[in-house]
Amino acid sequence: MTAIIQTNRMLNCEGLACPMPVVRTKKTMEEMKAGEVLEVRATDNGSVADLQSWASRTGHQYIGMKEEGGVFRHFLRKSPENETKPETKHPHVIGNEELNRRMADGAAFTIVDVREPAEYSFHRIPGAISIPLGELEQKLDLLPKDGEYAVVCRTGTRSDLACQLLAERGYSAVRNVVPGMSAWEGPAERDE
Amino acid sequence: MATTAIQAMTAQALAKIILSYEKLFILDVRNTAEFDNWKIEGGATETLNIPYFDLLDGVDEALGQIPDGRDILVVCAKEGSSVFVAEQLAEAGRTDVHYLKGGMKAWSEHLEPVKVGDLKDGGELYQFVRIGKGCLSYMVLSDGEAAAIDTLRMVEVFERFAKDKGATIKHTLDTHLHADHISGGRQLAENAGATYWLPPKDATEVVFEYEPLEEGKEITVGRSRIRIQPIYSPGHTIGSTSFIVDDQYLLSGDILFVESIGRPDLAGKAEDWVADLRTTLYETYRGLAEELTVLPAHFGKATELGEGGKVAARLGDLFKSNPGLNIRSDEEFRAAVTKNLPPQPNAYQEIRRTNMGRLTPDEEEQREMEMGPNRCAVHDK
């Protein structure tokens, strides 16, 4: 069964040999907006290591890969320039370790994961709810105002923007998880 | 003469260049992890790694690192990316740009037959050097008959060679159950109606018929009766068996190499087999004639290639020069063959199961399983 993972675009490279999967991925990523997620479907097993290496060299985020019936489904996110140097503004933060410790102690707060659904699908904190940053404003009614929240993304940048938005809308107990999933060492889960 | 169009270079042509020490600049465009794991080496080649995906915007930045006016060979895993980069080099004005036809996969499969020597009564012994992967096979020819030893899966090479020599393959033998490559012994025997010999202690899990290869059984090739005399020599595997051919050559399998010795861990029993390996190398082999020419089943580095690509050494010389034969205490020996071993060969467990007949991968899967160096020795010197 083909798992459904929400992405912005799909690129079919099935049947193509190296270098075409990487060449086409590069071209497609150039046409996409920062933060958008691309699924690349390829059958060449050389594409696995090469797309990962290419992404790490170009600064794009390689989210993960699923192999289904001989097809490699690669998920990549076009990284904005500023994401490597987060400019944090929301004053209340919680470190990865402290969050992990408080979860283990059974603290009652909600973890909101504001990354793209594909990122959430491959690696997330158990119990976290997925609300991509771009949808947060429309989905505020999912989050009671009097709740306590820890907002997480990959590096703390998107979650910072999310925290600012929540604070503006009257949420008082909101903390940004830093640095976020890129360094998360606590319990994690993924879609099977 | 300088040519501006890119040209294909076959694995065979590349092997000739390496073995004759012709100069060649190799631009390997695979990703760096693959390059670091396994690359083309030897002869007078010089190698540079720039992954093709760093050259998607053009080769201008790389041109400074690629010498002008020399033969250039661009290499990748299969071929496509090397053509892509080679074309850009040619467009940038470079001449004599080649790409490796079939890429590293073709390089891994190329076999170079090298004559080792003459046997009694007109027989011959040939070594087949799989230069890309470091595997060595052998063929004993005498009076219209042939025996193939540690045959690789490219059985048609052995069939063609025997046919050209006017010989019928009567026997195929494996010194042990291989973990780094898929044996062609069973297939070759089946095609030729020959007998496939395998040491029974390595064959406890196999699912096919074979002839047990044991000490005391002599195999003859041709009417002139070239003797193949098996010697039980465990250590790399529990069944490992060496052969003395024509009282001149010691086919040592993966027990003794020219610059190293066999590793005991590929079947998961390093600790159990250390003592066997020690006994084989320091007692059984010590009892053999020093004049024997050692012909192993692998080489680890291109420096082990001798004249015409031949890999061979006198047993008496190896007792002096091979570090694996010069370890004094049992404890040191145990540490040397069980600690700090190199990584295992690619897909070695699947390869062992394939050689048992328990897995039946198709040809493309077999190629993938065999990618990378053989890694059957405990270390490089």
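1. The domain assignment of chain A gives domain 1 (9-79) and domain 2 (83-183); such bounds come from an automatic or database domain assignment. The centres of domain 1 and domain 2 of chain A, taken over C-alpha atoms, are separated by 27 Å.

2. The model is predicted: local features need pLDDT of at least 70, and side-chain atom pairs count only at pLDDT 80 or more, while totals for chains, interfaces and linings use all residues. Residues are numbered from 1 along each chain as its sequence is written, chains are lettered from A and ligands numbered from 1 in the order in which they are written, and side-chain values use heavy atoms, with hydrogens and water left out.

3. Within chain A, ten residues of domain 1 are in contact with eight residues of domain 2, contact meaning heavy atoms within 4.5 Å. Domain 1 and domain 2 of chain A bury about 710 Å² between them, 65% of it on carbon and sulfur atoms. Buried area is the accessible area (1.4 Å probe) that two parts lose on being put together, summed over both. On the domain 1 side, A:Q61, A:I63 and A:R77 lose the most area to domain 2 of chain A, together 56% of what that side buries.

4. One salt bridge is counted between domain 1 and domain 2 of chain A, the term denoting a side-chain nitrogen of Lys or Arg within 4 Å of a carboxyl oxygen of Asp or Glu. A:R77 and A:E119 meet through their side chains in a salt bridge (3.7 Å, N to O). The elements giving two or more residues to the side of domain 1 of chain A that touches domain 2 of chain A are β3 (61-68) and β4 (71-77) of chain A. Of that side, β3(A) gives the most, with five residues. Helices (H or I, at least four residues) and strands (E, at least two) are DSSP runs, numbered from the N terminus.

5. The contact between the two chains takes twelve residues from chain A and 14 residues from chain B. Chain A and chain B bury about 1,100 Å² between them, with 54% of it on carbon and sulfur atoms.

6. Three salt bridges are found across the interface of chain A and chain B. B:D54 forms a salt bridge with A:R57, the closest N and O atoms being 2.2 Å apart. The side of chain A that touches chain B draws two or more residues from each of α1 (20-31) and α2 (46-58) of chain A, and α2(A) gives the most, with five residues.
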